[in-house]
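Please read this briefing alongside the sequence and the 3D view. The notes cover a recorded site and the aromatic pairs.

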Amino acid sequence: MAPSYFLLAALLATVTFVAIASDPSPLQDFCVADIHSPVKVNGFVCKDPMAVNADDFFKAANLDKPMDTTKSKVGSNVTLINVMQLPGLNTLGISLARIDYAPLGQNPPHTHPRATEILTVLEGTLYVGFVTSNPDNKLFAKVLNKGDVFVFPQGLIHFQFNPIYDKPAVALAALSSQNPGAITIANAVFGSKPPISDDVLAKAFQVQKGTIDWLQAQFWENNHN
């Protein structure tokens, strides 16, 4: 009897962990986000189903059009379609992004705290990779061509780089959250507001404080639309 009890307890614990580790699951056909509701929940409260229409599940996103990468210091432009742009995504655990890369442009090292990402190259060539957590910090990297697919596990630092000097690249990414979030490593470390102490960063990166001060003085832009 005891072994069966412990097996059941372990199973329930596993199911509970999975349930709380992902986006809220739908308990009805849909739960269109009421973006303007004053009620605060994990996600968004549902819009009155009687007020829902087809436009709640639609966005004219022009994802077939090239996006401008010339104004980006890193040479990329990320067009994200999440629950904020498409309220019908609420509780469905999915979002989408088009990424345009200039020649030699990159989507710099970043992480999605709430989503796994699967990337498909639509045009061009990309060098992509992710790094595992401590203590191994192992790099898994690959050169992708048109039609190739690569997956980045949830929460791990990853990047994409266009190694071709005279041709742009385009990719489409699907993410396993209605609101995956993005933390660009350089922006978070050197562009935080207020700034992290240069004493802390100098010791962490084993460099002089003057180097940290110079990095913190740079303009750390967001390449996401």
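Helices (H or I, at least four residues) and strands (E, at least two) are DSSP runs, numbered from the N terminus. E117 lies in strand β4, residues 117–123, and N107 in strand β3, residues 106–111. This is a predicted model, in which local features need pLDDT of at least 70 and side-chain atom pairs count only at pLDDT 80 or more, while totals for chains, interfaces and linings use all residues. Residues are numbered from 1 along each chain as its sequence is written, and side-chain values use heavy atoms, with hydrogens and water left out.

**Recorded site**

- An unreviewed UniProt entry lists N107, H112 and E117 under "binding site"; UniProt positions follow the numbering used here, feature names are shortened, and annotations may be inferred rather than shown by experiment.
- N107, H112 and E117 are in the lining of the second largest pocket. On a 1 Å grid over the protein atoms alone, a pocket is an open set of points where a 1.4 Å probe fits, with protein on both sides within 12 Å along at least five of seven lines; lining residues have an atom within 4 Å of a point.

- N107 has a relative accessible area of 4% and counts as buried; buried means under 20%, exposed over 50%, and partly exposed in between, with a 1.4 Å probe and protein chains only.
- E117 is buried as well, at 3% relative accessible area.
- Leaving out residues up to four places away in sequence, N107 touches S76, V78, I99, Y101, F159, Q160 and N223, where contact means heavy atoms within 4.5 Å.
- With sequence neighbours up to four places away again left out, the contacts of E117 include H110, H112, F150, H158 and Q160.

**Aromatic pairs**

- Rings of Phe, Tyr and Trp (its six-membered ring) pair if their centres lie within 6.5 Å; planes under 30 degrees apart count as stacked, over 60 as edge-to-face and the rest as tilted. This rule gives six aromatic pairs.
- F30 and F57 pair edge-to-face, at 5.5 Å centre to centre and 80° between the planes.
- Both F30 and F57 lie in the loop between α1 (2–20) and β1 (76–81), so their pair ties together parts that are 27 residues apart in sequence.
- F30 is partly exposed at 31% relative accessible area, and F57 is partly exposed at 39%.
- F130 and F150 form a tilted pair, 6.2 Å centre to centre with 50° between the planes.
- Because F130 lies in strand β5 (residues 125–131) and F150 in strand β7 (residues 149–152), this pair ties together parts 20 residues apart in sequence.
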